[in-house]
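I opened my notebook to look up a few things in this structure. Here is what I went through, entry by entry.

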Amino acid sequence: QVQLVESGGGLVQAGGSLRLSCAASGSIFSFNVMGWYRQAPGKQRELVATITSGGTTNLADSVKGRFTISRDNAKNTVYLQMNSLKPEDTAVYYCNINQGPVWRRVDYWGQGTQVTVSS
């Protein structure tokens, strides 16, 4: 089993910054993909950014140039640095890890952390 614990959400004014952290524990595979997803009220959960254990990143077009994803493999921790925040970034942000053998990859999710950007 895998546990994900998120921290760093909160309330910030438009143009401000926040940094989210997510620490994974339990049975962690050496190769995995960690990432952040978000869900705004009345909307579907959407991908924000992912990063492989090798450091390859993928960011949603809506956050490119503003958000940066990074990780510390020794700590099994992923970070999301969010700059130039906009009201439309308001959502619950969920940490995710995708791992497992090729024939059975599994997703694990954190409990979510609220990010609210005021205008």
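This is a predicted model: local features need pLDDT of at least 70, side-chain atom pairs count only at pLDDT 80 or more; totals for chains, interfaces and linings use all residues.

**Entry 1: strands and sheet**

Next I looked for a facing pair of residues. Cys22 stands opposite Val78, which belongs to β8.

Then I asked which sheet these strands belong to. β3 and β8 sit in an open sheet of four strands, and I wrote down its order as β1-β3-β8-β7. The pairing in this sheet is antiparallel. I noted the edges too: β1 (2-7) and β7 (67-72) each pair on one side only. From one strand to the next, the twist averages 15°.

**Entry 2: an aromatic pair**

I looked for aromatic rings that pair and found one such pair. How are the rings of Tyr37 and Trp109 arranged? Their centres are 5.1 Å apart and their planes meet at 70°. An angle over 60 degrees counts as edge-to-face, so I filed Tyr37 and Trp109 under that name.

I also checked where the two residues sit in the chain. Tyr37 is in strand β4 (residues 32-39), and Trp109 is in strand β10 (residues 106-109).

**Entry 3: arginines over rings**

I stayed with Trp109 for one more look. Arg45 lies over the face of Trp109, 4.6 Å from the ring centre. I then found an arginine over a tyrosine: Arg19 lies over the face of Tyr79, at 4.1 Å from the ring centre.

**Entry 4: Asn98**

My last stop was Asn98, which I located in strand β9 (residues 91-99). Its relative accessible area is 17%. Buried means under 20%, so Asn98 counts as buried.

What does the side chain of Asn98 make polar contacts with? I noted the side chain of Arg105, at 2.7 Å. I also noted the side chain of Asp107, at 3.1 Å.

I finished with the residues that Asn98 touches, leaving out those up to four places away in sequence. My list reads Asn32, Val33, Arg105, Val106 and Asp107.

Key. Residues are numbered from 1 along each chain as its sequence is written. Side-chain values use heavy atoms; hydrogens and water are left out. Two strands pair if DSSP finds at least two bridges between them. Helices (H or I, at least four residues) and strands (E, at least two) are DSSP runs, numbered from the N terminus. Axes are lines fitted to C-alpha atoms, for helices over the stretch in contact, and angles run from 0 to 180 degrees between N-to-C directions. Rings of Phe, Tyr and Trp (its six-membered ring) pair if their centres lie within 6.5 Å; planes under 30 degrees apart count as stacked, over 60 as edge-to-face and the rest as tilted. A charge sits over a ring if NZ of Lys or CZ of Arg is within 6 Å of the ring centre and within 35 degrees of the ring normal. Buried means under 20% relative accessible area, exposed over 50%, partly exposed in between (1.4 Å probe, protein chains only). A polar contact is a pair of N or O atoms within 3.5 Å; within protein, one must be able to donate a hydrogen and the other to accept it, and residues adjacent in sequence count only if both atoms are side-chain atoms. Contact means heavy atoms within 4.5 Å.
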